[in-house]
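Please open the model in your viewer and keep the selection panel at hand. The tour below goes from one stop to the next, saying what to select and what is there.

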Amino acid sequence: MHPILNIAQKEVYLQLKTKRFYIILTIFVLMAFGGVYLMKWSLSQTPQFEKLYEGASPFQIMFTSSFSSALSNLLPFLGGALGYDIINREIQEGTIKLTLSKPLYRDQFINGKFLGSTITITLGILLFYVLTISLALIFGVPVGMRDITMLLATLPFSLIYTLIFLVIGMLISIFVKKPSTALIVAIILIIFIELVYPMIAGVIAFAMHREELMSATSQMVMVNNTTQYMAPQQGFENYYKTLRRMLYIAPSTHYNSVIGAIFGTKAEISGATLFGGSIFEERSIGESLTLVWQGIVALVVMFLLPFAIAYTKFMKADLR
Amino acid sequence: MYAIEIENLTKKYGELKAVDGLTLNVEKGCVFGFLGPNGAGKTTTILSMLGLIIPDSGNIRILGHDVFREPIKVKERVGYLPENATVYDELTAWRNLEFFANFYDMDRSEKEKRIEELLKMVGLWDVRYRKAKTFSKGMKQRLLLAQALINDPEVLILDEPTSGLDPEGAHLVKSIVKEEAEKGKTVFFSSHILSEVEELSDKVGILVGGRLKALGTLEDIKKQFMELEGYEIKIEAKQALPEFEFDGIIRVERINERKAIIFARDDIREQISDYLSKKDITLINLEIEEPSLEDVFLKTIYKKEG
C-alpha cells in the first residue's frame with residue numbers, strides 16, 4: 001500500500017473514533033434540525049418576505065439565512081478540532097518515531113495525515129448534507145433536484161473552507177508542543193478570525209463612514225411595519241465596500257459569498273435591493289461561480305499559505 | 001564492512017551541544033552497547049541515525065547508504081524500538097502491526113504470516129484483537145519490539161529496550177537480541193543497565209556529554225581503563241609479605257600480613273613474583289582484579305564531571 005494511503009486510512013479510522021468528532025457531528029445534527037425548522041417557518045412566513053425571497057426555494061432561503069452563517073462558524077471548529085493535535089500528539093506519544101522509522105518520506109507522513117483528515121471532514125459534511133435533505137423530506141419541505149445540485153455544488157467550497165482551519169490547526173500543532181495548549185490556541189484563533197475580527201471590522205468601517213451614515217439626509221422608512229433608520233444609499237455602499245475590504249482576510253467572507261452565489265443571491269446587494277426587491281436571481285451554478293471567482297481564489301490561497309508554512313516547518317523539525 | 005558509520009556527528013540544541021563530533025563505526029553482525037548517563041546524547045545519536053533529527057554537521061551511513069540522502073534504502077533494512085514511545089492505542093495489536101507492515105513491500109499472505117509469527121514470539125497472539133490501550137506497559141513494549149522486527153531488519157536499533165519492563169519482559173528482549181545476533185544481524189542498543197550491556201554486547205561505546213569517552217570490546221575498554229587508571233593486583237602468600245619498594249607501584253593496601261592489594265601503573269605481576277621468590281616467599285595467589293563495567297562507566301562519568 002502506498003505510504004500516504006496507509007497513513008490516511010489509519011488517520012480516518014482513528015479520527016472517526018474520537019469524541020470530538022462525535023460532538024461536532026451532534027452539533028451538525030442539531031443544526032440540520034434547526035435549519036429544517038427554519039425552512040418550515042420561512043414557508044409559513046412567505047407573505048411577509050414575499051418580495052425579498054421572490055422566486056427562491058426554501059432551501060435557497062435556508063442557505064442564505066442565519067443558518068448559513070451558523071454553518072460558516074461551525075465548520076472552522078470541525079477543521080480546527082481535527083488539526084490542533086495532528087502532529088504534536090504523535091510527537092508526544094512517540095508514535096511519529098515509529099512511523100517515520102519505516103520506509104517513507106516525511107512529506108508522505110504529513111500528506112497522509114492531511115488526506116486522512118480531508119476524508120473525515122468530507123464524510124462529516126456529506127453526512128450533514130444528507131441529513132439536512134432527509135429531514136427536509138421527512139418534515140414535508142419541498143426539495144427539488146436544483147436544490148440538491150446547488151447543495152452538492154457547495155461541497156468543495158465547504159470542504160476547502162474547513163480545510164483552511166484544518167491546516168491552521170496543523171500549523172499550531174507543529175509550533176505548539178503540548179496538545180492541550182494547542183487546543184486553547186486553536187480555539188482562541190478561530191474565535192478571533194470568525195467572530196471577533198468581523199466585529200472589529202464592522203466597528204472600524206462604521207467609524208470611518210459615521211458621518212455619511214448619520215448625515216441629515218438619512219431617512220426614516222417603514223420596513224415590515226417597523227420604522228427603520230435608513231442611511232442614504234451612497235453612504236451605505238461606501239460603508240459596505242470598506243467593510244468588505246477589511247473582511248477580505250476573513251475566510252468566512254469569501255465562503256459566505258460563494259455559498260450565497262451558488263444559492264442564487266444577487267452578486268451585489270445594495271440597500272435599495274435589500275428593501276426594494278428579491279435578493280435572489282435566476283442563473284446557473286457556473287454563472288454563479290464566475291461571479292465569485294475572486295472569493296474562490298482567496299479561499300484557495302488562504303488554504304495553501306498555512307499549509308505551505310506547516311509543510312516547510314515539519315520537513316525541518318527535529319522529531320524528538 | 002561496517003553496518004553503521006557515524007562521522008563527526010554534531011547536534012546542538014540552542015547553546016547545548018547534545019552530540020559533539022561523534023565518530024563511531026559498528027561492524028556487521030556486531031551487538032553494540034551504547035552506554036551513557038542521562039542527557040549524554042544517546043537518543044539524539046539514535047534519532048539522527050533514523051533521520052528524525054537533522055544534525056548540524058556530520059555524516060551517517062547505514063549499510064552503505066547515507067541516512068539523509070537515501071532514507072528509504074536505509075529504513076527498509078532497519079528496525080527501530082524507541083524509548084518512551086507507545087503504539088497506536090486505539091488500534092488492536094494485529095492492526096498496529098498490519099499498519100507498520102503496510103510500509104514494506106510484502107504481499108498479504110507474507111504480511112499475515114510475519115505478523116502471526118511476531119505476535120507469537122512476543123507472547124501477544126492470544127490478545128491480538130484487543131486494543132493496545134488495554135495493554136500493560138510491558139505488553140506495549142513487547143508490541144513495540146514486534147513492530148521493530150516486522151521487516152526482518154538487518155540492523156536493529158533499540159533505545160533503552162528493557163526500560164520499565166518486568167524481569168520476564170526484559171528476559172524476552174534479551175533473548176530476542178541474542179537470537180538476532182546469532183542470525184548475523186547487527187544490533188545497536190542504548191542502555192543504562194550495565195549488566196545488560198555486559199551480557200549482550202560484543203562492543204561498547206561510552207558517551208559522556210556528547211563525546212565518545214571509550215570504545216571497543218569489553219576487554220579492550222577494561223584494558224584501556226586499567227592503563228589509564230592503574231592496575232589492581234591482588235596478592236596472597238604463605239608467609240608474611242615484605243615491603244614493596246620498586247618502580248610502578250602507586251600504593252599498597254594491606255589486608256593482613258599475608259594479603260595485600262597493590263595499585264600499580266603497569267602490570268607488574270612478573271616483577272612481584274621475582275621479588276617474592278628472591279625472598280623465599282611462596283605465593284598462593286597473584287592476580288589482576290579486573291574492573292567491572294560499572295567501575296569503568298562510573299569513573300568515566302566522574303572524570304568528565306570532575
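**Charges over rings**

Begin by selecting Lys120(B) and Trp125(B), where the charged end of Lys120(B) sits over the ring of Trp125(B), 4.9 Å from its centre. A charge counts as sitting over a ring if NZ of Lys or CZ of Arg is within 6 Å of the ring centre and within 35 degrees of the ring normal. This is a predicted model, in which local features need pLDDT of at least 70 and side-chain atom pairs count only at pLDDT 80 or more, while totals for chains, interfaces and linings use all residues. Residues are numbered from 1 along each chain as its sequence is written, chains are lettered from A and ligands numbered from 1 in the order in which they are written, and side-chain values use heavy atoms, with hydrogens and water left out.

Next, select Arg320(A) together with Tyr13(B): Arg320(A) lies over the face of Tyr13(B), at 3.7 Å from the ring centre.

**Aromatic pairs**

Over all chains, a search of the whole structure finds 21 aromatic pairs. Rings of Phe, Tyr and Trp (its six-membered ring) pair if their centres lie within 6.5 Å, and planes under 30 degrees apart count as stacked, over 60 as edge-to-face and the rest as tilted. Select Phe114(A) and Phe307(A), whose ring centres are 4.9 Å apart with the planes at 50°, so the pair is tilted. Phe114(A) lies in helix α7 (residues 106-138) of chain A and Phe307(A) in helix α15 (residues 293-316) of chain A, so the pair ties together parts that are 193 residues apart in sequence. Helices (H or I, at least four residues) and strands (E, at least two) are DSSP runs, numbered from the N terminus.

Strand β4 (residues 57-62) of chain B is joined to β5(B) by two bridges, and the two run antiparallel. To see one bridge, select Arg61(B), whose bridge partner in β5(B) is Asp66(B).

How values were computed
Two strands pair if DSSP finds at least two bridges between them.
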